[in-house]
Amino acid sequence: MEQQHEGHEHQHHEHGHGAGGTGAVSWATAARATLHCLTGCAIGEVLGMVIGTALGWGNVATMVLAIVLAFFFGYALTLRGILAAGVGLRTAVRVALAADTLSIAVMELIDNGVIALWPGAMDAHLSDPLFWIVLAIALAAAFVITTPVNKWMIGRGKGHAVVHQYHH
């Protein structure tokens, strides 16, 4: 469904939400927003686990670092797009925080919850296939559970709906 936005056809992808931020949101739009967050989260998670493991940190410290980096990279990917649109840094940071915080938080809760609850996953090393299998399952579960959250937020003009206005 192609939508018009302020008289101009949207160049990047369909919004799936009407003017004013209300209306039907497609699952594809919600999935794209979730995939965007998942990318930043996955980069941060893996980097945090690699750093924590390399430094010989325990599970809790490594998980905290991974979560912090997941938020950092999730926000950074959003900031990159907003700043490229010519928005000032202060406004861009506020938009990124408003757009991504709930999505990343839900994603991290699910992702880390799966890893923490999976027998042996917390003790698996980076060279262990169990580590990568459980991480893939955890990220997939986080994607599936976070997509409806993003659909709900975009339908109310929140989350990635806020970011989309800067993608013209």
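Is the crossing of α1 and α2 left-handed or right-handed? The crossing of these two helices is right-handed. The report below takes this helix pair together with the rest of the chain, as seen in a predicted model.

## Overall architecture

The protein chain contains five helices and two strands. Read from the N terminus, the order of elements is β-β-α-α-α-α-α. The chain has 168 residues, and 39% of them count as buried.

Contacts between residues at least 6 apart in sequence were also sorted by separation. Of these contacts, 66% join residues at least 24 apart.

## Helix packing

Two packed helices are described by the angle between their axes and the distance between the axes. For α1 and α2, the axes come within 7 Å and cross at roughly 145°. The contact of α1 with α2 comprises 12 nonpolar, 10 polar and one charged residues.

For α2 and α3, the axes come within 8 Å, with a crossing angle of roughly 145°. The crossing of α2 past α3 is right-handed. Sorted by class, the residues in the contact of α2 with α3 are 18 nonpolar, four polar and two charged.

## Ala96 in helix α3

Ala96 is located in helix α3. Its relative accessibility is 1%, so Ala96 counts as buried, the cut-off for that class being under 20%.

Which residues does Ala96 contact, leaving aside its neighbours within four places in sequence? The partners are Tyr75, Thr78, Leu79, Ile82 and Thr101. A further distance concerns Ala76, which lies 20 residues from Ala96 along the chain. The C-alpha atoms of Ala96 and Ala76 are 8.2 Å apart.

## The largest pocket

The volume of the largest pocket is about 310 Å³. Elements that contribute two or more residues to the lining of this pocket are α1 (27-54), α2 (59-84), α3 (89-117) and α4 (129-155).

In total, 20 residues line the largest pocket. Those nearest its centre are Thr53, Asn59, Thr62, Met122 and Ala124. By class, the lining has 11 nonpolar, eight polar and one charged residues.

## Summary

Within α3, Ala96 is a buried position at 1% relative accessibility. The helices α1, α2, α3 and α4 each give two or more residues to the lining of the largest pocket.

Terms used
Residues are numbered from 1 along each chain as its sequence is written. This is a predicted model: local features need pLDDT of at least 70, side-chain atom pairs count only at pLDDT 80 or more; totals for chains, interfaces and linings use all residues. Side-chain values use heavy atoms; hydrogens and water are left out. On a 1 Å grid over the protein atoms alone, a cavity is a set of points where a 1.4 Å probe fits but cannot get out, and a pocket is an open set with protein on both sides within 12 Å along at least five of seven lines; lining residues have an atom within 4 Å of a point. Grid points are joined across faces, edges and corners, and a volume is the space filled by probe spheres set on the points. Helices (H or I, at least four residues) and strands (E, at least two) are DSSP runs, numbered from the N terminus. Ala, Val, Leu, Ile, Met, Phe, Trp, Tyr, Cys and Pro count as nonpolar, Asp, Glu, Lys and Arg as charged, and the others, Gly among them, as polar. Axes are lines fitted to C-alpha atoms, for helices over the stretch in contact, and angles run from 0 to 180 degrees between N-to-C directions. A crossing is left-handed if the near helix is turned anticlockwise from the far one by less than a right angle, and right-handed if clockwise. Buried means under 20% relative accessible area, exposed over 50%, partly exposed in between (1.4 Å probe, protein chains only). Contact means heavy atoms within 4.5 Å.
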